[in-house]
Amino acid sequence: MWGPYLMRRFALISIPYLWLLALFLVPFVIVFKISLSDIALSIPPYTPQFDPSAGWPGVTAFLSDLDLENFVFLTTDDLYWRAYLSSLQIAVTSTVLTLLVGYPLAYGMANAPDRWRPTLIMLVILPFWTSFLIRVYSWKGILAGSGYLNQFLLGMGVISDPLTILNTNTAVYIGIVYTYLPFMVLPIYAALERLDGSLLEAAEDLGCSRKSAFWLVTVPLSKPGIIAGSFLVFIPALGEFVIPDLLGGSKTLMIGKVLFEEFDKNRDWPVASAVAVILLLILIIPIILFQRNEQKQREAEQ
Amino acid sequence: MTAPTEFHPWNDPQAKPLIRFQNVTKRFGEFTAIDKISLDIFAKEFFALLGPSGCGKTTLMRMLAGFEDPTEGAILLDGADIAGVPPNKRATNMMFQSYALFPHLSVFDNVAFGLRRDRLPKDQVQARAEEMIALVQLGPFANRKPHQISGGQRQRVALARALAKAPKLLLLDEPLGALDKKLRQETQFELMDIQEKTGTTFVIVTHDQEEAMTVASRVAVMDHGKIVQVATPDAIYETPNSTYVADFIGDVNIISGGADPVDGKIGIDWAEGQPPLTGICEQDIAKGETVFMAVRPEKVAISSEKPADRSNVVAGKVHDIAYLGNISTYYVQLSGGQIIKAQTANTRRIARRDFTWEDDVWLSWTDTAGVVLRQ
Ligand SMILES: Nc1ncnc2c1ncn2[C@@H]1O[C@H](COP(=O)(O)OP(=O)(O)OP(=O)(O)O)[C@@H](O)[C@H]1O
Ligand SMILES: [Mg+2]
């Protein structure tokens, strides 16, 4: 029925779908199933367990034991929604901060002489060669009360008492901005590098100052890069666990931390799964927006 | 159809040029793109720059627009040196060879861009932009983005955008190259109309010599960063100052030989045993100097009988015929192997053509038709 060409085409197209199915959809279904279960003292620590040997009655019994109890529970304890909100706030703030730091960097790179550019890109990527954990850990040494930053500022006479940065939200912002900066810089750089210099000349020719040409031409044309970079920072920052755990304080409330505590300390897999499912639902919105942006950009480039 | 005949400020020593290039040189590193150019362009001129690719036309324009500063020399606008004046402070607008349309803005917003920078009232911006869009016949496309229109339409957007601010000096870098012949002619007349109405000074780059002839008050022919000749279109055509210009503008026959000046005319001994050809020359030429005679093909008559009354007569054989519809070009081979082109208007049907391949024919032209050149 199908020619070999169509077969091959189908096989080719199906690879990414199989990938998504195996690595995204199946795990999600499992997590979702656990989120509908109840906590139990067993291994694994939840019930009901799906038992295929019991046949059809087993399936119906299994299904009837699933409920939305854990999701209801999430609404009763304000810890959870406060953690979601606080995560959102921290993710948004640090995305904006990363943009503020990353845009000038990308702009400088795109306007650097051609022969420097490969080196500059290397420098942006270079931190990835060291383990993420070690790099975040070393921020502890920099930000601590007697850390390098305070030593430096005290030595310069800028401050007389050491600043408390470590174990506050500020340290978390610093950590996130530092860690995710390349994800912001690279897409913006790519957009700026493509920018045709004669457009800026045209803008100036038509009466723009350098500054207004930047706002009216450069910024709008780097928008796809800004959007891509912002999502690449925002999405992982929202569920971030390591950075708030290492650099944040007891008051730093992030959903990643809550999730970890539910799984690890409370061994409450069903509630932890429910938290994860909600997190995913929150993330789906920006992910869809992100994909739209990519799509639009591709269309514009044709 | 060219500018009114009484308009030739370049002949008036009192006239003040709008733009003056004083020994302008522009180098990019080691490479000299513009080589000691001195040039005056007067207000209300329609000045055409002609020359082969890479000869420096765009560079010259970019210096006027303010994107490049001369390496040496000065450019004066109304008598004042404009070096260092940024592009947004110059009363010039440039249409870029690459169009440089803003991809994120619609056709309308592209055209309105410059008007908005002047903080004009909204309704004026709207009216002016619409007027410009109508002028280039893009009304139905006003809301499209540049990537949604054709190449020729983009070119027209770029033109409309440059025209919109009605600047004192308009720089058009190949404004009509992507348009079909009919639209190009319409737009040429549109441009001349605008020029007449607004008195704007135009500097235009074109690869189309016919276009330069149609629109320009003067034409500058460039070669390797130098200006070879600046003159009115008819002077460039009739009295080129070099074989380079003669060859660049229109079709031409070049015959070289030793000069023999006789009462204001120049004889050329062009071949052994042949009577000399005679032509006119505005330069002083010494006897025996090697010179070149340029004759336009349409000034060469072709006949089967030897004409008695022409001063330049040569014999040959029809080597090839190019039929171009309204005219035919005969490629006639002389006994020395040289090919001379002769053009005749096809007033009769092609079947009744007088000459055909391998016919023995006579070519003749008057002595005023032959321009004698040194180089
Ligand atoms: N920024 C630059 N750096 C180095 N060389 C340049 C630069 N701009 C132009 N040139 C060189 O200067 C010369 C003149 O360029 P220009 O763009 O003025 O040519 P043009 O006459 O406009 O040609 P075309 O008809 O192809 O548009 C070319 O040889 C070009 O390579
Ligand atoms: Mg050019």
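Around ligand 1 there are 13 residues, and those that come nearest are S53(B), G54(B), K57(B), T58(B) and T59(B); a residue is near a molecule or strand if one of its heavy atoms lies within 4 Å of it. The model is predicted: local features need pLDDT of at least 70, side-chain atom pairs count only at pLDDT 80 or more, and totals for chains, interfaces and linings use all residues. Residues are numbered from 1 along each chain as its sequence is written, chains are lettered from A and ligands numbered from 1 in the order in which they are written, and side-chain values use heavy atoms, with hydrogens and water left out.

The shell around ligand 1 divides into four nonpolar, seven polar and two charged residues. In this division Ala, Val, Leu, Ile, Met, Phe, Trp, Tyr, Cys and Pro count as nonpolar, Asp, Glu, Lys and Arg as charged, and the others, Gly among them, as polar. Two elements of chain B, β2 (31–41) and α1 (57–65), each supply at least two residues of this shell. Helix α1(B) gives the most, with three residues. Helices (H or I, at least four residues) and strands (E, at least two) are DSSP runs, numbered from the N terminus.

Several side chains make polar contacts with ligand 1. A polar contact is a pair of N or O atoms within 3.5 Å; within protein, one must be able to donate a hydrogen and the other to accept it, and residues adjacent in sequence count only if both atoms are side-chain atoms. A polar side-chain atom of T59(B) lies 2.6 Å from an oxygen atom of ligand 1. For K57(B), an N or O atom of the side chain is 2.7 Å from an oxygen atom of the ligand, and for H207(B) the corresponding distance is 3.0 Å. Taken alone, ligand 1 exposes 640 Å², and the protein buries 63% of that. Accessible areas come from the Shrake-Rupley method with a 1.4 Å probe; for residues, only the protein chains shown count as cover.

Ligand 2 is a magnesium ion, coordinated by T58(B) through OG1 and by Q97(B) through OE1, at 1.9 to 2.3 Å. Donors are N, O and S atoms within 2.8 Å of the metal (3.2 Å for Na, K and Ca); water is not among the atoms, so sites may look incomplete. T58(B) lies in helix α1 of chain B and Q97(B) in the loop between β6 (92–95) and α2 (107–117) of chain B, so the pair ties together parts that are 39 residues apart in sequence. T58(B) is partly exposed, at 26% relative accessible area, and Q97(B) is partly exposed at 38%. Buried means under 20% relative accessible area, exposed over 50%, and partly exposed in between (1.4 Å probe, protein chains only).

Chain A also has a part in this account. Its helix α9 (residues 197–205) is largely enclosed by the rest of the structure, because seven of its nine residues are buried. Those residues are S198(A), L199(A), E201(A), A202(A), A203(A), E204(A) and D205(A). Their cover includes α10 (210–238) of chain A together with α1, β6, α2 and α4 (151–164) of chain B. Just after α9(A), G207(A) takes a positive phi of about 110 degrees.

Some single residues of chain B can be followed in turn. N312(B) lies in strand β16 (residues 312–323) and is buried, at 0% relative accessibility. Its side chain reaches the backbone nitrogen of T278(B) at 2.6 Å. Not counting residues up to four places away in sequence, N312(B) touches L277(B), T278(B), L363(B), S364(B), W365(B), T366(B) and D367(B); contact means heavy atoms within 4.5 Å.

T243(B) is found in helix α8 (residues 243–248) of chain B. It is buried, with a relative accessible area of 19%. Apart from residues up to four places away in sequence, T243(B) touches I254(B), F292(B), L373(B) and Q375(B).

V125(B), in helix α3 (residues 122–135) of chain B, is buried at 4% relative accessibility. Leaving aside neighbours within four places in sequence, V125(B) is in contact with A112(B), L115(B), R116(B) and L120(B).

Chain B as a whole has eight helices and 20 strands. Of its 375 residues, 48% count as buried. Its C-alpha trace spans about 75 × 50 × 40 Å along the principal axes.
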